Amino acid sequence: MSPSDGRNAEGRGELNRPGQTTSPSDGRSAAVSRPILSVEELTMRFGGLVAVDDVSFTAETNDITAIIGPNGAGKTTLFNCITGFYRPSAGAITLHGPLGEAALHRLAGHRIARAGVARTFQNIRLFQGMTVLENLLVAQHNRLMAATGLGIGAVLGLSRYPAAEREAIERARHWLDATALLERADDPAGALPYGAQRRLEIARAMCTEPALLCLDEPAAGLNPRESDELSMLLRQIRDGGCSILLIEHDMSVVMGISDRIVVLDHGRKIADAVPSAIRADARVIAAYLGEGDEGE
Ligand SMILES: Nc1ncnc2c1ncn2[C@@H]1O[C@H](COP(=O)(O)OP(=O)(O)OP(=O)(O)O)[C@@H](O)[C@H]1O
Ligand SMILES: [Mg+2]
């Protein structure tokens, strides 16, 4: 069962929520824009079903780019293509990352992670029996292994492993602090309340120090206070230099923090603009009211 099911239904029709007039880009420099991710003519078919249909868009560096759309629009499928869970049927996905350009549509999932992409899942996927801290250390396993030269050196104590391990713990501590989980560090992840598990997923992703963080419905199941705290956390992550792709049904979060919004409906991109323009877009409103098939 998806924890977001009820939420998704509630989220419909909320695009014109009153009292949201400020642009999240206010005060941020619009002078330099540089893409972090380019998606070109991406198509993902499952048999006869076209889940993502010829979608192109660009996410800018240090932006929060939201991907919204009704249930079944193809949002998670798009993430699964970006993060290597699916090999797209057609099209290209390019990360303009710290290590140079990476053709994500051709890379295996672990190589995509190494190129600088991290994600969270629509349905929480933590190691429930491990402690909160252990979850964050496991996430850094690749980096720790690299520090040992991927060999027996660590066991013999002859490598850089101890220093790398200390750094991993420091990094975990930083993100535990940022996500208000420090006091729960030694508790099993499965014992945390739902909202805290969602934050832990974000902390875990951030421990890999990604250039692009992909979040699949991080506000699903959160209460309004937790959603506001999430918005603050995501702004902080963006302002710290990590670009964000955000799938979200909670329009108060989306409209409040997104720099740009891409709207999908039935696998197609139907809009791509700043929040104020999306809020006023007739096609988008129609899609959310379940009238997306009309006039096509
Ligand atoms: N592995 C798969 N095999 C077959 N069909 C799939 C698969 N994954 C997704 N689909 C279909 O692709 C379409 C898009 O699904 P997707 O999960 O990407 O939507 P979504 O926009 O994330 O929806 P939601 O808001 O409900 O999470 C749906 O019709 C879904 O049933
Ligand atoms: Mg989804």
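How do the residues of the shell around ligand 1 divide into nonpolar, polar and charged? They divide into 4 nonpolar, 8 polar and 1 charged. Here Ala, Val, Leu, Ile, Met, Phe, Trp, Tyr, Cys and Pro count as nonpolar, Asp, Glu, Lys and Arg as charged, and the others, Gly among them, as polar.

Before going on, some ground rules. This is a predicted model, in which local features need pLDDT of at least 70, side-chain atom pairs count only at pLDDT 80 or more, and totals for chains, interfaces and linings use all residues. Residues are numbered from 1 along each chain as its sequence is written, while chains are lettered from A and ligands numbered from 1 in the order in which they are written.

**Stop 1: ligand 1**

Select ligand 1. It is surrounded by 13 residues; a residue is near a molecule if its C-beta atom, placed from the backbone, lies within 6 Å of it. Colour the closest ones: Phe46, Ala51, Lys75, Thr76 and Thr77. Strand E2 (49-60) and helix H2 (75-82) each supply at least two residues of this shell. Helices (H or I, at least four residues) and strands (E, at least two) are DSSP runs, numbered from the N terminus. H2 gives the most, with 3 residues.

**Stop 2: helix H2**

Stay on H2. Of its 8 residues, 7 are buried. Buried means that 20 or more other C-beta atoms lie within 10 Å of the residue's own; exposed means 12 or fewer, and partly exposed lies in between, with C-beta atoms placed from the backbone. Pick out Lys75, Thr77, Leu78, Phe79, Asn80, Cys81 and Ile82: these are the buried ones. Just after H2, click Gly84, which takes a positive phi of about 85 degrees.

**Stop 3: the sheet**

Now show the strands in the order E6-E7-E8-E3-E9-E10. They form an open sheet of 6 strands with mixed pairing; two strands pair if DSSP finds at least two bridges between them. The edge strands are E6 (117-119) and E10, each pairing on one side only.

Zoom in on E9 (residues 260-265). All 6 of its 6 residues are buried. Arg260, Val262 and Leu264 point one way, and Ile261, Val263 and Asp265 the other. E9 pairs with E3 (residues 64-68) in the parallel sense over 4 bridges. Select Ile67 to find its bridge partner in E9, Val262. E9 pairs with E10 (residues 268-273) in the antiparallel sense over 5 bridges. There, Ile261 has Ala273 as its bridge partner. The hairpin of E9 and E10 has 2 residues between the strands, and His266 takes a positive phi near 50 degrees.

**Stop 4: helix H7**

Last, select residues 161-178. This is helix H7, with 18 residues. Which of its residues are buried? They are Ala168, Arg171, Ala172, Trp175 and Leu176. Look down the axis of H7: the buried residues fall within an arc of 135 degrees (taken from the directions from the helix axis to the C-beta atoms), so they line one face of the helix. On the other side, Pro162, Ala163, Arg166, Glu170 and Asp177 are exposed. Finish at Ala180, which follows H7 and has a positive phi near 55 degrees.

Terms used:
The expected span of a helix is 1.5 Å times one less than its number of residues.
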